[in-house]
Amino acid sequence: MISFSSAWSLVKTAVLISLAVTALRLVGALGGLPDFLVNRAAGGTGAIIGISWLAPIFAIWFGRKLAARGDASLKSAFMTNFVYSLGARIPVILIMLFATLGDWGTHYDAYPPDMEAMEPIAQWFLGGVLPQVGFWMGAWTTLLGGLISWVTVRFTGVRPA
């Protein structure tokens with residue numbers, strides 16, 4: 001199985017691209033770009049500028065990198081995507097904290113109506129941290145991305161040892 005540091009060496013360029021897209025989205029939302037580009041609503045669904053669609057694309061890239069190393073392990077595919085999820089989503093969690101405390105008016109601090117009466121830290125934790133960790137890091141990036149990477153490795157002809 002791949003180590004954390006080896007996985008980091010495979011994903012660091014993808015993390016930098018994700019950070020650039022996150023920064024672009026934040027600046028665009030604060031600067032008034034239209035919603036089809038940066039959607040300010042809770043969840044920000046459907047915005048063109050965003051990192052959610054990058055995870056499956058990068059998963060293919062990671063699979064090709066693992067295949068080049070001859071690593072067909074499902075555990076390595078999951079670890080690589082998990083390390084990417086940390087680099088891509090922890091900055092989003094931090095941005096959500098500052099946006100929530102500062103009431104920036106972006107999707108980073110937009111929460112469902114039933115959360116409006118909550119204190120900002122509770123909103124951030126329940127509406128930001130938990131979805132980021134549970135869905136975006138866990139299910140979307142690590143599990144789905146890991147499977148995509150593993151299938152990509154398998155399609156290259158590399159077989160588990």
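Residues are numbered from 1 along each chain as its sequence is written, and because the model is predicted, local features need pLDDT of at least 70 and side-chain atom pairs count only at pLDDT 80 or more, while totals for chains, interfaces and linings use all residues. Side-chain values rest on heavy atoms, with hydrogens and water left out.

Helix H1 spans residues 4-30 and bends by about 50° at valine 11, the bend being the angle between axes fitted to the seven residues ending there and the seven starting there. Helices here are DSSP runs (H or I, at least four residues), numbered from the N terminus. Among the buried residues of H1 are Ala7, Leu10, Val11, Ala14, Val15, Ser18, Val21, Thr22 and Arg25, where buried means under 20% relative accessible area, exposed means over 50%, and partly exposed lies in between (1.4 Å probe, protein chains only). An α-helix has 3.6 residues a turn, so residues three or four places apart point the same way. The cover over the buried residues of H1 includes helix H2 (35-38), helix H3 (54-68) and helix H4 (74-102). After H1 comes glycine 32, whose phi is positive, near 90°.

The structure holds one salt bridge, a term that calls for a side-chain nitrogen of Lys or Arg within 4 Å of a carboxyl oxygen of Asp or Glu. Its partners are aspartate 35 and arginine 40, whose closest N and O atoms are 2.7 Å apart. Aspartate 35 counts as partly exposed because its relative accessibility is 43%, and arginine 40 likewise counts as partly exposed, at 21%.

The structure holds eight aromatic pairs, in which rings of Phe, Tyr and Trp (its six-membered ring) have centres within 6.5 Å, with planes under 30 degrees apart counted as stacked, over 60 as edge-to-face and the rest as tilted. In one of these pairs, phenylalanine 58 and tyrosine 84 have ring centres 5.5 Å apart and planes at 75°, so the pair is edge-to-face. Because phenylalanine 58 lies in helix H3 and tyrosine 84 in helix H4, the pair ties together parts that are 26 residues apart in sequence. Phenylalanine 58 counts as buried at 6% relative accessibility, as does tyrosine 84 at 2%. Together with Trp61 and Phe62, these two residues form one aromatic cluster.

Helix H4 also holds methionine 79. Leaving aside neighbours within four places in sequence, methionine 79 is in contact with Met1, Ile2 and Ala7, contact meaning heavy atoms within 4.5 Å. By comparison, methionine 79 and isoleucine 51 are 28 residues apart in sequence and 19 Å apart in space, C-alpha to C-alpha.

On the surface, Leu30, Ile90, Leu94, Phe98 and Trp104 form a nonpolar patch with about 480 Å² of accessible area together. Patches are made of residues with over 30% relative accessible area and no salt bridge, like charges being joined within 9 Å and nonpolar side chains (Val, Leu, Ile, Met, Phe, Trp, Tyr) within 5 Å; accessible areas come from the Shrake-Rupley method with a 1.4 Å probe, and for residues only the protein chains shown count as cover. The largest share of the patch, three residues, comes from H4. Leucine 94, found in helix H4, counts as partly exposed at 44% relative accessibility.

Finally, phenylalanine 155 lies in helix H5 (residues 120-155) and is exposed, with a relative accessible area of 73%. The C-alpha atoms of phenylalanine 155 and valine 21, 134 residues apart along the chain, are separated by 29 Å.

Key:
Helix = DSSP H or I, 4+ residues; strand = E, 2+ residues; numbered from the N terminus.
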